[in-house]
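This report describes the fold of one protein chain for a reader who is new to protein structure. Please keep the sequence and the model in view while reading.

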Amino acid sequence: MHGALDELVDRSWAAAAARRDARSGAVIARPPTMPLREPRQESRFGNAFPVLEHFERALALARRHELADLAAALEAARGELRWSQNAAYDETNVDRALLDGYAYAVLTAPDGPLPCEAPLCGYLMMAPDLLYRDHRHAPREIYLVLTPGTRWCLDSGDWFEVTPGELIVHEPWQMHAMRTGDQPLLAFAAWLEPGDRTAIRI
Ligand SMILES: [Fe+2]
């Protein structure tokens, strides 16, 4: 029923598991799928998030770099993607630039097109010249970056650039922030344990 989405999820986890976190050396295996206990809504879905105007450019960029096969799988699934934002992010706690500048295509999640309790996974898009400021959450998280030019900040420390094909692991409650340069970010992002998107502290 969701052939292209299942294929995308399988390929994304396989690519993540084939890499090591550049800083800790950690290798992350795909967690077993936990069946959904009860449906719940943690996302605000839509297909008109302003950041999506950068999707074509981000895909084209990703196709010129190391994870071109994931970009192709993402493109093949594009008609089935369910773009979203965190339902807890609004004008009271997040600035307008971020609300206009990011979206997340949910794949596996309690409210995703492939429903499950865990692991959550999907694809994050960020517009150029955007800061996703310090935030943290209980589940351990991985990012697999497809596009060049984004910098990362862990534990409110120094910023470092992340190149396509790099795996980044955020430990439970580890503070993290991302800042794009003149190109959009496209990245596979996953939580390894069950968690509530609306419980992110930002
Ligand atoms: Fe995170």
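In which loop is Ser156 found? Ser156 sits in the loop between strand 8 (150-154) and strand 9 (159-162).

## Basis of the report

The model is a predicted one, in which local features need pLDDT of at least 70, side-chain atom pairs count only at pLDDT 80 or more, and totals for chains, interfaces and linings use all residues. Residues are numbered from 1 along each chain as its sequence is written.

## The chain as a whole

The protein chain contains four helices and twelve strands; helices (H or I, at least four residues) and strands (E, at least two) are DSSP runs, numbered from the N terminus. Its radius of gyration is 15 Å, close to the 17 Å that the globule rule gives for 202 residues, so the chain is as compact as a globular protein of that length. This radius is taken over C-alpha atoms, and the rule is 2.2 Å times the number of residues to the power 0.38.

Of the 202 residues, 39% count as buried. A residue is buried if 20 or more other C-beta atoms lie within 10 Å of its own, exposed if 12 or fewer, and partly exposed in between, with C-beta atoms placed from the backbone.

## Helix 1 and helix 3

The axes of helix 1 (residues 3-17) and helix 3 (residues 68-76) come within 9 Å and cross at roughly 160 degrees. That makes helix 1 roughly antiparallel to helix 3. Axes are lines fitted to C-alpha atoms, for helices over the stretch in contact, and angles run from 0 to 180 degrees between N-to-C directions; angles under 35 degrees count as roughly parallel, over 145 as roughly antiparallel, 65 to 115 as roughly perpendicular and the rest as oblique.

Helix 1 contributes Ala4, Glu7, Leu8, Arg11, Ser12 and Ala15 to the contact, and helix 3 contributes Asp69, Leu70, Ala73, Leu74 and Ala76. Two residues are in contact if their C-beta atoms, placed from the backbone, lie within 7 Å.

## Backbone features in loops

Most residues other than glycine have a negative phi, and most peptide bonds are trans. Ser156, although not a glycine, has a positive phi of about 55 degrees, and Ser156 is exposed, with 9 other C-beta atoms within 10 Å. Asp129 also has a positive phi, near 55 degrees, and lies in the loop between strand 5 and strand 6 (131-135). Asp129 is partly exposed, with 13 other C-beta atoms within 10 Å.

A cis peptide bond, with omega about -10 degrees, joins Ala118 and Pro119. Pro119 belongs to the loop between strand 4 (114-115) and strand 5 (120-126).
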